[in-house]
Amino acid sequence: MNHGCNKTFNFGSVFYVFDLRAGIVKSEYEYLLLSEEEADPNNPPEDEETTKDLFNPLIDRHLEHSASSYEGSISPISKGEEIFCNYVFYIGVDSWNYGIRDLRSQCRGEKNGTIVQIEGTIS
């Protein structure tokens, strides 16, 4: 799955979509739609799940499942249309500054993405 630059992604966290359908105007999940251009390279957003002080071994042992289980289509996807996701939230806090700047340069066409760099082909 490739990155959908400037919010062109059509696959991601469905919580925001559920809130919209329920009529919730200001969703607590809106940060999941942050684009590479909107993101502050010097200030990664805080994820509520990572800021809790209480350790819960049940949650800790299922973080990967929890983090990836609630993704799906966030807009209609036509037959044959490419599926794009938001790479912004694959960037960890430690590499946030570099990652956001890297995505921005890729989206502006200033450099190739990682796959193209490795494979050496542009489709």
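**Confidence and conventions**

The chain has a mean pLDDT of 81, and 80% of its residues reach 70 or more; pLDDT is the predictor's confidence in each residue, from 0 to 100. This is a predicted model, in which local features need pLDDT of at least 70 and side-chain atom pairs count only at pLDDT 80 or more, while totals for chains, interfaces and linings use all residues. Residues are numbered from 1 along each chain as its sequence is written, and side-chain values use heavy atoms, with hydrogens and water left out.

**Exercise 1. The overall chain**

Task: Describe the secondary structure of the chain, its burial and its confidence.

Solution. 

Step 1. The chain contains five helices and four strands. Helices (H or I, at least four residues) and strands (E, at least two) are DSSP runs, numbered from the N terminus. Along the sequence their order is β-β-α-α-α-β-β-α-α.

Step 2. Of the 123 residues in the chain, 25% are buried. Buried means under 20% relative accessible area, exposed over 50%, and partly exposed in between (1.4 Å probe, protein chains only).

Step 3. The chain exposes about 9,000 Å², of which carbon and sulfur atoms supply 53%. Accessible areas come from the Shrake-Rupley method with a 1.4 Å probe, and for residues only the protein chains shown count as cover.

Step 4. Among contacts in the chain with a separation of 6 or more, 76% are between residues 24 or more positions apart. A contact means heavy atoms within 4.5 Å.

Step 5. Confidence in the chain is lowest in helix α3 (residues 63-68), at a mean of 62, and highest in α4, at 95. Where pLDDT is low, the predicted coordinates should not be read in detail.

**Exercise 2. Helix α4**

Solution. 

Step 1. Just after α4, G109 has a positive phi of about 80°.

**Exercise 3. The disulfide**

Task: Which cysteines does a disulfide join, and where in the chain do they lie?

Solution. 

Step 1. A disulfide is a pair of cysteine sulfur atoms within 2.5 Å. By this rule the count is one disulfide.

Step 2. The disulfide joins C5 to C107, with an S to S distance of 2.1 Å. C5 lies in the loop between β1 and β2 (11-13) and C107 in helix α4, 102 residues apart, and the pair thus links distant parts of the chain.

Step 3. The torsion about the S-S bond of C5 and C107 is about -80°, so the disulfide is left-handed.

Step 4. C5 is partly exposed, with a relative accessible area of 24%.

**Exercise 4. An aromatic pair**

Task: Classify the pair formed by the rings of F89 and W96.

Solution. 

Step 1. Rings of Phe, Tyr and Trp (its six-membered ring) pair if their centres lie within 6.5 Å; planes under 30 degrees apart count as stacked, over 60 as edge-to-face and the rest as tilted. A search of the whole structure finds two aromatic pairs.

Step 2. The ring centres of F89 and W96 are 6.4 Å apart and their planes stand at 45°, so this pair is tilted.

Step 3. F89 is partly exposed at 30% relative accessibility, whereas W96 is buried at 3%.

**Exercise 5. The surroundings of S35**

Task: Is S35 buried or exposed, and which residues does S35 touch?

Solution. 

Step 1. S35 lies in the loop between α1 (15-21) and α2 (57-60). Its relative accessible area is 4%, so S35 is buried.

Step 2. Not counting residues up to four places away in sequence, S35 touches N6, K7 and V88.

Step 3. N6 is partly exposed at 46%, and K7 is partly exposed at 42%.

Step 4. Phi of N6 is near 50°, a positive value in a residue other than glycine. K7, which is not a glycine, has a positive phi of about 65°.
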